[in-house]
Amino acid sequence: MTSWILPPIYLAIVRLLLSVYAFTTIFFVLGWDGVHHRHDLDRSSFSYFTDLSYWGMAFYFLFSSLHTFSYARTGRAWLQRWPLALQVAHTAFYSTIVTFPVLVTAVFWAILYSGKWFSSEFEGWSNTSRHALNLVFAAFEISLTRTSSPPYAHLLIIVVILALYLALAYVTHATAGFYPYSFLDLNKGSGTLAGYIVGILAAACLIFVIVWLVIWLRKWVTEEKLHMRGKLGKSRSGNDEEMVEVTRESMK
């Protein structure tokens, strides 16, 4: 629940602000589409990996801010009082938050973006928020917190989630009659389709490894070389000045 440079209360505030921005973006886009009679976009939003990952990011920052507020106030994170299964799930959640935004941004700008800027300010803002600022939010978690590199086992979780989304995309086509992303169209040929699927999967694995290395490097520089081991929370169980740290790596 700590940062190597920010006090816990400031880290909690920043995380909360990021969550508020993400939720505001989500609901404003839904409202805009509804007001402008684009109800098909509202109904199909959960068919898009971009939207699903953005929802995940919004909830991650909400819960991480609550954990950090709790740690700042009492010296003990709310997360530490959760069942072990939920603690493990939260660490896996973190791994998706630092991986999927990079993948979403890369796929959008490299494959989906037409090369022409958006026709309206709203389209420019909404796409920038979901396909650029999401990367900034992930970079914040990677660079300014004290999290450890995710376990290699989480790479399997990343692969499974992508496989489940691929199944969802084809369920969407079977039930709603459209492909969420044009490169998933079976009519493009099996070779082209396989190339996109394998390429995106390989990109996700590469991103996971790069993020792992960046986090390892950040910890090495800030903690081993600069000895900046974090701004800690105050324990309320004894002396108010007693400083305590979350002992489990997965709780950081």
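1. Helix H5 (residues 100–112) packs against helix H6 (residues 121–144) at an angle of about 140°, and their axes lie 8 Å apart. That angle makes H5 oblique to H6, because an angle counts as roughly antiparallel over 145 degrees. The crossing of the two helices, H5 and H6, is left-handed. The model described here is a predicted one.

2. Which residues meet where H5 and H6 pack? From H5 come Pro101, Val102, Val104, Thr105, Phe108 and Trp109. Their partners in H6 are Asn127, Arg130, His131, Ala132, Asn134, Leu135 and Ala138.

3. Thr91 belongs to helix H4, which spans residues 84–97. Is Thr91 buried or exposed? Its relative accessible area is 16%, so Thr91 is buried, the cut-off for that class being under 20%. The side chain of Thr91 also reaches the backbone oxygen of Val88, at 2.6 Å.

4. For the fold as a whole, the protein chain contains 8 helices and 2 strands. In sequence order, these elements give the pattern α-α-α-α-α-α-α-α-β-β.

5. The protein chain has 252 residues, of which 43% count as buried. The chain exposes about 12,900 Å², and carbon and sulfur atoms supply 70% of that area.

Note on methods:
Residues are numbered from 1 along each chain as its sequence is written. This is a predicted model: local features need pLDDT of at least 70, side-chain atom pairs count only at pLDDT 80 or more; totals for chains, interfaces and linings use all residues. Side-chain values use heavy atoms; hydrogens and water are left out. Helices (H or I, at least four residues) and strands (E, at least two) are DSSP runs, numbered from the N terminus. Buried means under 20% relative accessible area, exposed over 50%, partly exposed in between (1.4 Å probe, protein chains only). A polar contact is a pair of N or O atoms within 3.5 Å; within protein, one must be able to donate a hydrogen and the other to accept it, and residues adjacent in sequence count only if both atoms are side-chain atoms. Accessible areas come from the Shrake-Rupley method with a 1.4 Å probe; for residues, only the protein chains shown count as cover. Axes are lines fitted to C-alpha atoms, for helices over the stretch in contact, and angles run from 0 to 180 degrees between N-to-C directions. Angles under 35 degrees count as roughly parallel, over 145 as roughly antiparallel, 65 to 115 as roughly perpendicular and the rest as oblique. A crossing is left-handed if the near helix is turned anticlockwise from the far one by less than a right angle, and right-handed if clockwise. Contact means heavy atoms within 4.5 Å.
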